[in-house]
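Here is a set of questions and answers on one protein model. Look over the sequence and the structure first.

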Amino acid sequence: MENQSEHFRNTLLFYYRKGKNAVQARKKLCAVYGEDVLSERQCQNWFSKFRTGNFDLKDAPRSGRPIKADDEKIKALVDANRRITTREIAEKLNLSNSTVYDHSKRLGFVSKLDIWVPHNLKEIDLIRRITICDSLLKREENEPFLKRIITGDEKWIVYNNV
């Protein structure tokens, strides 16, 4: 993606040196690459940068915490201590809490009762769920009981009208 955006910036510089304005350059880019390639505002920003004499096409470095995190380091910290919090991981790796949470979720970990556990189902659990569902369906065929259950939000109430 970075290479493609740099290509679009090169094209904008080409049209700037040709004497075109930002709107005309965007129309030409959209005709070739599609309507959602660059916004008109982005083109105007690059053209104003070119007018000041700055022809550097790379993004300027930004301040703040890094967005990218090393998944292996997060996994190693969680494996070493299952009771570690996202805040502790964030402080050790100089990341934000939400970044650590997102990466740990992507790694397949979920925090349950303050312990990091794998989120994936084991085969035995999957088989157990299928067996229970099958037995409930068979029970429903023999003696209909699902019509007596009223559900709402998070509460299940068994209604028995005698």
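**Questions on the fold**

Ser104 is buried, with 1% relative accessible area (buried means under 20% relative accessible area, exposed over 50%, partly exposed in between, with a 1.4 Å probe and protein chains only). This is a predicted model, in which local features need pLDDT of at least 70, side-chain atom pairs count only at pLDDT 80 or more, and totals for chains, interfaces and linings use all residues. Residues are numbered from 1 along each chain as its sequence is written, and side-chain values use heavy atoms, with hydrogens and water left out.

Q: Which residues does Ser104 touch, not counting residues up to four places away in sequence?
A: Ser104 has its place in helix 6. Contact means heavy atoms within 4.5 Å. Leaving out residues up to four places away in sequence, Ser104 touches Phe109 and Trp116.

Q: In what order do the elements of the protein run from the N terminus on?
A: Helices (H or I, at least four residues) and strands (E, at least two) are DSSP runs, numbered from the N terminus. The protein has seven helices and four strands. From the N terminus, the order is α-α-α-α-α-α-β-β-α-β-β.

Q: What percentage of the residues of the protein count as buried?
A: The protein has 162 residues. The buried part comes to 23%.

Q: What share of the contacts with a separation of 6 or more comes from residues 24 or more positions apart?
A: The count takes in contacts in the protein with a separation of 6 or more. Residues 24 or more positions apart account for 48%.

Q: How are helix 5 and helix 6 oriented to each other?
A: Their axes are lines fitted to C-alpha atoms over the stretch in contact, with angles from 0 to 180 degrees between N-to-C directions. The axes of helix 5 (residues 86–93) and helix 6 (residues 97–106) come within 8 Å and cross at roughly 110°. Angles under 35 degrees count as roughly parallel, over 145 as roughly antiparallel, 65 to 115 as roughly perpendicular and the rest as oblique. Helix 5 and helix 6 are therefore roughly perpendicular.

Q: How do the residues of the contact of helix 5 with helix 6 divide?
A: Thr86, Arg87, Ile89 and Ala90 of helix 5 meet Asn97, Val100 and Tyr101 of helix 6. Ala, Val, Leu, Ile, Met, Phe, Trp, Tyr, Cys and Pro count as nonpolar, Asp, Glu, Lys and Arg as charged, and the others, Gly among them, as polar. The contact divides into four nonpolar, two polar and one charged.

Q: What is the volume of the largest pocket?
A: Rolling a probe the size of a water molecule over the atoms shows where empty space is left. On a 1 Å grid over the protein atoms alone, a pocket is an open set of points where a 1.4 Å probe fits, with protein on both sides within 12 Å along at least five of seven lines. Grid points are joined across faces, edges and corners, and a volume is the space filled by probe spheres set on the points. The largest pocket comes to about 180 Å³.

Q: Which element gives the most to the lining of the largest pocket?
A: Lining residues have an atom within 4 Å of a point. The lining has 10 residues, and Ser5, Arg9, Leu38, Gln42 and Trp46 lie nearest the centre of the pocket. Helix 1 (2–18) and helix 3 (40–51) are the elements that give two or more residues. With four residues, the most comes from helix 1.

Q: How far apart in space are Arg9 and Cys43, C-alpha to C-alpha?
A: Arg9 lies in helix 1. Arg9 is buried, at 10% relative accessible area. Arg9 and Cys43 are 34 residues apart in sequence, and their C-alpha distance is 8.6 Å.

Q: Is Leu113 buried or exposed?
A: Leu113 is found in the loop between strand 1 (109–112) and strand 2 (115–118). Leu113 has a positive phi of about 55°, although it is not a glycine. With a relative accessible area of 81%, Leu113 is exposed.

Q: Which residues does Glu40 touch, not counting residues up to four places away in sequence?
A: Glu40 lies in helix 3. Glu40 is partly exposed, with a relative accessible area of 36%. Beyond four places in sequence, Glu40 touches Val23 and Arg26.
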